Amino acid sequence: MSDTTVPQPGRPTATAIPEQVSLFQRVADKVSYGMGTPLNIGIWILIVVGWTLLFGLHIVAASGSFLPGWFTSTGYNFPLNLVTTVAELYIGFLVGASSNRSERHLEATLDRLGVQDQQISDVELKLSTSLDVNTQLTQQIHDLAKLIHEKVSASA
């Protein structure tokens, strides 16, 4: 379960309603997180460099000195490319799903900020109105005090 909340339209404040997260979304989040970690990127860089050096420095001949023939043959390139291409597509879709979820979270956050902005505007308007009323009452008290002072001074 995610702690994401979305604002309810028509209400002055946002209420907390947890977003239902499917198994696919949870897996997509974990895969996209794992694919983006420096450790994962470093491991794959080492594997690619190691694989390249293994054949580039002729430690292993392309004909296969100690590896099975099917592994180093040109026929192996097709299955290897197929598997890596499918894996790339799968990971791309999972990362895309996770990105979409992040976008929904951002939109919900912006909606909450919009609601808060409206609340701030309402409070500012009420404060301005209250200040005007307070200023008028203060002026009336001043005028009454002046009138009372004049009446008291005139009768004495």
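Let me begin with the ground rules: what we have is a predicted model, in which local features need pLDDT of at least 70 and side-chain atom pairs count only at pLDDT 80 or more, while totals for chains, interfaces and linings use all residues. Residues are numbered from 1 along each chain as its sequence is written, and side-chain values use heavy atoms, with hydrogens and water left out.

The secondary structure of the protein chain amounts to 4 helices and 0 strands, where helices are DSSP runs of H or I with at least four residues, strands are runs of E with at least two, and both are numbered from the N terminus. Read from that end, the order is α-α-α-α. Of the 156 residues, 12% are buried, and here buried means under 20% relative accessible area, exposed over 50%, and partly exposed in between, with a 1.4 Å probe and protein chains only. The chain exposes about 12200 Å², of which carbon and sulfur atoms supply 67%; these areas come from the Shrake-Rupley method with a 1.4 Å probe, and for residues only the protein chains shown count as cover. Taking contacts (heavy atoms within 4.5 Å) between residues at least 6 apart in sequence, 53% join residues at least 24 apart.

Now to helix α1, residues 23–35, whose 13 residues reach 18 Å from the first C-alpha to the last, close to the 18 Å expected at 1.5 Å a residue, the expected span being 1.5 Å times one less than the number of residues. Which residues of α1 are buried? They are Q25, A28 and S32, and, seen down the helix axis, they fall within an arc of 60°, so they line one face of the helix; the arc is that of the directions from the axis to the C-beta atoms. Q25, with a relative accessible area of 19%, is buried, and, leaving aside residues up to four places away in sequence, Q25 touches Q20, R101 and R104.

The face of α1 turned away from the buried side carries the exposed residues L23, K30 and Y33.

Helix α2 covers residues 38–56 and includes I41. Its 19 residues should span 27 Å at 1.5 Å a residue, and the end C-alpha atoms are 26 Å apart, which agrees. Just after α2, H58 takes a positive phi of about 60°.
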